[in-house]
Amino acid sequence: MADSIVWASDGSVRVSPGPVLDRDTVPSLRRKLLKGVVGKRPRHLVVDMSAVERMDTAGVALLVELRNVLTRQGADFSLQGVPEAVRRLIGLARVHNLLKE
């Protein structure tokens, strides 16, 4: 689950997921983000990855889905504080465009 979701007055939101983004944790986080955040149409979504210690392909899929949905809504999406292990996994998945910071 997300450790925190913080909305700013300008309509942007910062999400800080917990230390594990895997097939066990992603489904509940996905529901929470799609209903509670994306459904409210933020102007910009920043995912602060600095606390993520472990992520598998379910986490990568969630990030790709979030980026795609937000892009279709005309919103911006970015990742910040991406640990090196997560960068490697994103590279292996060949979705480097997630890393545009």
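Tutor: Start with one term: two residues are in contact when heavy atoms lie within 4.5 Å of each other. Know your source too: this is a predicted model, where local features need pLDDT of at least 70, side-chain atom pairs count only at pLDDT 80 or more, and totals for chains, interfaces and linings use all residues. Residues are numbered from 1 along each chain as its sequence is written, and side-chain values use heavy atoms, with hydrogens and water left out.

Student: Which residues is histidine 44 in contact with?

Tutor: Set aside its neighbours within four places in sequence. Histidine 44 then contacts Gly11, Ser12, Val13, Asp76, Phe77 and Ser78.

Student: Where does histidine 44 lie?

Tutor: In strand E4. Helices (H or I, at least four residues) and strands (E, at least two) are DSSP runs, numbered from the N terminus. Strand E4 covers residues 44-48.

Student: Is histidine 44 exposed or partly exposed?

Tutor: Check the cut-offs. Buried means under 20% relative accessible area, exposed means over 50%, and partly exposed is in between (1.4 Å probe, protein chains only). Histidine 44 has 22% relative accessibility, so it counts as partly exposed.

Student: Which loop holds aspartate 22?

Tutor: The loop between strand E3 (20-21) and H1. Aspartate 22 is buried, at a relative accessible area of 11%. Beyond its neighbours within four places in sequence, its contacts are Pro27, Arg54, Asp56 and Ala58.

Student: At what angle do the axes of helix H1 and helix H2 cross?

Tutor: Axes are lines fitted to C-alpha atoms, for helices over the stretch in contact, and angles run from 0 to 180 degrees between N-to-C directions. H1 (residues 26-36) and H2 (residues 57-72) have axes that come within 10 Å and cross at roughly 10°. Angles under 35 degrees count as roughly parallel, over 145 as roughly antiparallel, 65 to 115 as roughly perpendicular, and the rest as oblique. H1 and H2 are therefore roughly parallel.

Student: Which residues of H1 and H2 meet?

Tutor: Val26, Leu29, Arg30, Leu33 and Leu34 of H1 meet Ala58, Gly59, Leu62, Glu65 and Leu66 of H2.

Student: Which residues of helix H3 are buried?

Tutor: In H3 (residues 84-92), Val86, Leu89 and Ile90 are buried. To find a face, look down the axis. The arc is that of the directions from the helix axis to the C-beta atoms. The buried residues of H3 fall within an arc of 100°, so they line one face. Their cover includes strand E5 (54-55), H2 and strand E6 (76-80). The face turned away carries the exposed residues Arg88 and Leu92.
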